[in-house]
Amino acid sequence: MIYDDNNIFAKILRKEIPCKKIYEDEFVLSFYDINPQKKIHALVIPKGKYIDLDDFTTKASASEIVGLLKGINTVAKKLGISVDKGKGYRALTNINEHGGQEVPHLHFHLFGGEKVGKMVE
Ligand code: 5GP
């Protein structure tokens, strides 16, 4: 599959459409989901052009991979949902059609601020 430069998160990265930013560094951008499913629902995306976790794991550099994981941790801390500050959260990424992925730019959902319920419903 080829990365679609016109996907909505690519447009957010290019600042063509706005987002409610939570955090940004050289590797990641984090912002609130437009349609929150839990009390806190954040998204963390890599700045590189990766379609999903498989694509990222295959092609990304070691520093990009570390940068994304560290970014998730930093955002969780910022939101007060990390284990040291809160009660925990769920980090989830959907991959392709069977995974229910809608936006074809890798993103992790962070759900928290309350008990998030069963993993698969
Ligand atoms: P997926 O189903 O691909 O894992 O999740 C895509 C997520 O992106 C959904 O939770 C959806 O609400 C969110 N989303 C879609 N369009 C926008 C947008 O324009 N801005 C923001 N902040 N979130 C969006």
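Author: Helix 1 gives the most to the shell around the ligand, with three residues; helices here are DSSP runs of H or I with at least four residues, strands are E runs of at least two, and both are numbered from the N terminus. Helix 1 and strand 2 each supply at least two residues of that shell. Please keep in mind that this is a predicted model, where local features need pLDDT of at least 70, side-chain atom pairs count only at pLDDT 80 or more, and totals for chains, interfaces and linings use all residues. Residues are numbered from 1 along each chain as its sequence is written, and side-chain values use heavy atoms, with hydrogens and water left out.

In total, 15 residues surround the ligand, the closest being Asp33, Asn94, Glu102, His107 and His109; a residue is near the ligand if one of its heavy atoms lies within 4 Å of it. By type, the shell holds seven nonpolar, six polar and two charged residues. Here Ala, Val, Leu, Ile, Met, Phe, Trp, Tyr, Cys and Pro count as nonpolar, Asp, Glu, Lys and Arg as charged, and the others, Gly among them, as polar.

Now for some individual atoms. His109 places a polar side-chain atom 2.8 Å from an oxygen atom of the ligand. From the backbone, an N or O atom of Val103 lies 2.9 Å from a ligand oxygen, and one of Gly100 lies 3.3 Å from a ligand oxygen. The protein buries 85% of the 520 Å² that the ligand exposes when taken alone, with accessible areas coming from the Shrake-Rupley method with a 1.4 Å probe.

The space taken by the ligand is the largest pocket, meaning that more than half of the ligand's atoms lie within 2 Å of the pocket's grid points. A pocket is an open set of points on a 1 Å grid over the protein atoms alone, where a 1.4 Å probe fits, with protein on both sides within 12 Å along at least five of seven lines; lining residues have an atom within 4 Å of a point.

Conventions:
A polar contact is a pair of N or O atoms within 3.5 Å; within protein, one must be able to donate a hydrogen and the other to accept it, and residues adjacent in sequence count only if both atoms are side-chain atoms.
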